[in-house]
Amino acid sequence: MEERKLVSILGIVVIAAALFWNADLPSGTAINVTDNATITITLNTKTMIDISPNNMSFGVADPGTRIANYTNNELVGISRTGFQLENIGSTNITNLWLNVTQPKVRPFATGDSDNYDAANFIAAEINVSPDGGAITQNAMSFIDRLEYNETRELVYLNLPANTKSYGRLRSGHNEYFWALHGDTTQCNASSGTLTFTIGTVAHNQTQTGTIDLAGASVETFNFGAMYDSGFNANWSYSSDGTGVISIDTPSSDYCVAAYIDCSKVRIFRWNADAPGAGTCGLSGSGYTYNSTSTKLFPGDSMAMNIEMRVPFGTALGDVKPGYLTVIAQSSE
């Protein structure tokens, strides 16, 4: 009898202890457990580049002006001076360059604003070096400026012997007179000698500039070959690495190409696809970014400044819209 009484008492104590322990636990308590799933993906080799913004408006301007500020459709009332080039692909970009559209016909002295091309007026410069080092190509320079020769005589110029044609490089409020001359047939540099001479002192509303192209204050560019096929057919260019000219304010280095009939020239800095870009002697061959050791990695970007240089003699109205194109290349 005593033993049954003791067992009953002990049972009551155990039940009370269990009730007390459970009272201390929060309602719905669970034990945390983990498991893992493996996620994999492999990227294709894809070289891609993005230019932002994709529209830049320089507003309303007078002839002979330079404009650094642009707006775009998304930044109403807010202006910017630069654009961004971003590697949105999966490969390391080792070469990067620019191109622009150009007028299809001779635009000046036609009175038709649609004959011009707005992109042919712009210049660019590197804003910040992609690798954080020193910028070696930072002068504001034309990307690929196309200029036609003069069709009316400029009686105040003194021209070199055997001049085939002459014209002017128009850079906002400044103009630089140039001449193509030599003993070549037309402007075919493969059949004789051909030289491009340009004055280094600007012609504008306040000064005459270099008008003696057979004298001092000139830069020269010697041609040595000619494309005879492909999309650069019939352009003479330098093939000996000694064909760079330095002109404008600030001073910029340029390569030059001349069309076989002497009717037009291309004066370029940033277009690696232009005739002779790889052989004229320009540092980096006109590339904005050209390095196999320092690369523009996926997700990285670089900035460039842009400037609109409206020439004197541009007809009123809406100039035909042009396009700025960025080309990226991975050599890996």
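Is Phe221 buried or exposed, and what is its relative accessible area? In this predicted model, Phe221 comes out as buried, with a relative accessible area of 0%.

Start with the rings. The count of aromatic pairs comes to eight. Among them is the pairing of Phe142 with Tyr254, a tilted arrangement with 6.4 Å centre to centre and 35° between the planes. Phe142 belongs to strand S6 (residues 141-142) and Tyr254 to strand S15 (residues 252-259), so this pair ties together parts of the chain that are 112 residues apart in sequence. Phe142 is buried, its relative accessible area being 0%, and Tyr254 also counts as buried, at 0% relative accessibility. Phe221, for its part, pairs with Phe223, and here too the geometry is tilted: the centres are 5.0 Å apart, with 55° between the planes. Phe223 has a relative accessible area of 8%, so this residue is buried as well, given that buried means under 20%. Elsewhere, Phe108, Tyr116 and Phe121 are linked by ring pairs into a cluster.

The charged end of Arg145 sits over the Phe142 ring, 5.5 Å from its centre. Arg309 does likewise, with its charged end over the ring of Phe142 at 5.1 Å from the centre.

Back around Phe221 and Phe223, Ser238 brings several of these residues into one picture. Ser238 sits in the loop that runs between strand S13 (235-237) and strand S14 (245-247). With a relative accessibility of 1%, Ser238 counts as buried. Leaving aside residues up to four places away in sequence, Ser238 touches Phe221, Asn222, Phe223, Gly224, Gly243, Gly276, Thr279 and Cys280.

The structure holds two disulfides. One of them is formed by Cys187 and Cys262, whose sulfur atoms are 2.0 Å apart. The torsion about this S-S bond is about 115°, so the Cys187 and Cys262 disulfide is right-handed. Distant parts of the chain are linked here: Cys187 is in the loop between strand S9 (174-181) and strand S10 (195-199), while Cys262 is in the loop between S15 and strand S16 (264-268), 75 residues apart. Cys187 and Cys262 are both buried.

The other disulfide joins Cys255 to Cys280, with an S to S distance of 1.6 Å. This pair also links distant parts of the chain, with Cys255 in strand S15 and Cys280 in the loop between S16 and strand S17 (289-290), 25 residues apart. Both Cys255 and Cys280 are buried. Counting bonded cysteines along the chain, the disulfides follow the pattern 1-3, 2-4.

Finally, the pocket. The largest pocket has a volume of about 920 Å³. Its lining is made up of 30 residues, and Met56, Ser57, Phe58, Ala118 and Met308 are the ones that lie nearest the centre. Strand S18 (residues 301-310) supplies the largest share of that lining, with three residues.

Note on methods
Residues are numbered from 1 along each chain as its sequence is written. This is a predicted model: local features need pLDDT of at least 70, side-chain atom pairs count only at pLDDT 80 or more; totals for chains, interfaces and linings use all residues. Side-chain values use heavy atoms; hydrogens and water are left out. Helices (H or I, at least four residues) and strands (E, at least two) are DSSP runs, numbered from the N terminus. Buried means under 20% relative accessible area, exposed over 50%, partly exposed in between (1.4 Å probe, protein chains only). Contact means heavy atoms within 4.5 Å. Rings of Phe, Tyr and Trp (its six-membered ring) pair if their centres lie within 6.5 Å; planes under 30 degrees apart count as stacked, over 60 as edge-to-face and the rest as tilted. A charge sits over a ring if NZ of Lys or CZ of Arg is within 6 Å of the ring centre and within 35 degrees of the ring normal. A disulfide is a pair of cysteine sulfur atoms within 2.5 Å. On a 1 Å grid over the protein atoms alone, a cavity is a set of points where a 1.4 Å probe fits but cannot get out, and a pocket is an open set with protein on both sides within 12 Å along at least five of seven lines; lining residues have an atom within 4 Å of a point. Grid points are joined across faces, edges and corners, and a volume is the space filled by probe spheres set on the points.
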